[in-house]
Amino acid sequence: MSMMVLRKHVNILNGFNKVKQQTEDTSEGNMKHLKLGKIQWIALLVVSAMFVNLCSHMVLAAARDGNDPAQGTTAEATTASEATTEATTASEATTETTTEQQEETQSMGEYKAFWFSFYDYDSYRAKYKKRTAANFRTYFTGVVKKGKSLGMNRVIVQVRPFGDAIYKSKYFPWSKYISGKQGRNPGFDPLKIMVEVTHDNDMKIEAWVNPYRVTTGSTNYKKLAKNNQARKWHAKKSTRRNVLSYGGSLYYNPSKKAVRTLITNGVKEIVQNYDVDGIHMDDYFYPSFTKPNVKKAFDAKEYNKSSYKKKKKSIYTYRRAQVNTLVKQMKKAVKSVDPNVTYGISPAGNIDNLTSKYSYYVDIYKWLNSTEYVDYICPQVYWGFKHPTAKFNKVTDRWIKAAKSKKVKLYIGIAVYRAGHNVGQNRAERKEWKRDTKVLKKQVQYARKKHVDGFAFFDYQDLKSKTSAKAVNQLKTVLK
């Protein structure tokens, strides 16, 4: 819009203001309660709305294109008479346009990430028989470009899924998910390539680690690489309880200081050696217990020897303290290397589960109301609006309320993997995920209206699948 047109609208507005002022200044006796005519008031309101709307367009264009508003776009002024006769229509159009502008402005600075999980490396290994740095670069370039084409601006790559590493580490063995066998060197550094490719495409990258998980579905230490710290600790009686067997899987013991040091050093190593933009931790903390075994299983032995037991503090309090200590230590380590690297956690979406006596032991309210633990929280709100007990909107509202102090950012994790599939807790939710192609889009729009700080989408494999394609195409319209 030219400054001439803008001045024209200002003059119109000033004209009506002058009439209003003259009316107010008329004899305070008989004319004290004199009001403008109905048509004059309508015209005044419409022109005012048009003025605000046009200014909004100029500011938005300047922010997006870096242009001086005085050199803005072309637009034709609407005359006062046209505005008067079309008052209702103009008002509705202004409201709709303003809403679109607000969503567009919010989207521009929004955190829009997608997860790249450990099993997404399988497609790389399946595609290339000869696995080289060049082939991996080509493959991951496709990953990043796909995300960017959908409007994403960040990728969260899993680099330590099972006490192993998809990068060169002195603490953890090479992951089988990149080389085919734990401990085997793939011949190149995948994380180095992923960082370069992501930054070359003007996106950001976070390194995603799983803190405690060593294996799933196996307790055979001989299947671990010889240089796996879990295997080495198990071989010595003095350090054997640094690793615990539970439910057919192996875990690092959250109660052990040596474990916390190992996990923290591994994260510090990433920030020191790679130009990552963030460190991301997922929701695998303590496993789930039952009422009969909660006070006997896993690290109960450490609790029974602790000051918590002596002071008659519960094992639940003790376990939350172990997780809190690690989380705080991790953030401190990250910031000591590079204060600009973010540190965030993506916990399970149900707050009741996180705070229960039998699982996770995530002190989520403490994390959300302090700057000492994380920079952001990204709960996995993986349910539809039709879920019988955990409706997307209700769960999201609860997280927003929990994060009202605004001391950490709140992102919402969204389940792309459910879109197009016949999944859910009841018939209504199954129908929603299977048939509503706008379900992902609606979730973003709902959370935006509640002013969350961004989103993360699980995961890459599903963003490119045929099953979820229609829902993803709709999602794209609110992310671009």
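**Reading burial, salt bridges and a barrel**

Mentor: Let's start with K442, which is partly exposed, with a relative accessible area of 36%. Buried means under 20%, exposed over 50%, and partly exposed in between, using a 1.4 Å probe and protein chains only. This is a predicted model, in which local features need pLDDT of at least 70 and side-chain atom pairs pLDDT 80 or more, while totals for chains, interfaces and linings use all residues. Residues are numbered from 1 along each chain as its sequence is written, and side-chain values use heavy atoms, without hydrogens and water.

Trainee: Which residue forms a salt bridge with K442?

Mentor: A salt bridge is a side-chain nitrogen of Lys or Arg within 4 Å of a carboxyl oxygen of Asp or Glu. K442 pairs with D436, their closest N and O atoms being 2.8 Å apart. D436 is partly exposed too, at 22%.

Trainee: How many salt bridges does a search of the whole structure find?

Mentor: The search finds 14. One of the pairs is R319 with D299, at 2.9 Å between the closest N and O atoms. R319 sits in helix 13 (residues 315–337) and D299 in the loop between strand 6 (278–281) and helix 11 (300–304), so this pair links distant parts of the chain, 20 residues apart. Helices (H or I, at least four residues) and strands (E, at least two) are DSSP runs, numbered from the N terminus.

Trainee: Are R319 and D299 buried or exposed?

Mentor: Both are buried. In another pair, D352 meets R398, with the closest N and O atoms 2.8 Å apart. D352 is in helix 14 (residues 351–354) and R398 in helix 16, 46 residues apart. Here D352 is partly exposed at 42%, and R398 is partly exposed at 35%.

Trainee: What is the nearest side chain of opposite charge to R160?

Mentor: Lys and Arg count as positive and Asp and Glu as negative; His and the chain ends are left out. For R160, that side chain is E269, 6.1 Å away; R160 is buried yet has no salt bridge. R160 lies in strand 2 (residues 154–160). Contact means heavy atoms within 4.5 Å, and R160 touches residues including Y167, F172, W208 and I270.

Trainee: How many strands make up the closed barrel?

Mentor: Two strands pair if DSSP finds at least two bridges between them. Eight strands form the closed barrel, in the order 1-2-3-6-7-8-9-10, with parallel pairing. Strand 9 (residues 409–415) pairs with strand 10 (residues 454–458) in the parallel sense over five bridges, and I412 stands opposite F455 in strand 10.

How values were computed
Lists of a residue's contacts leave out its neighbours within four places in sequence.
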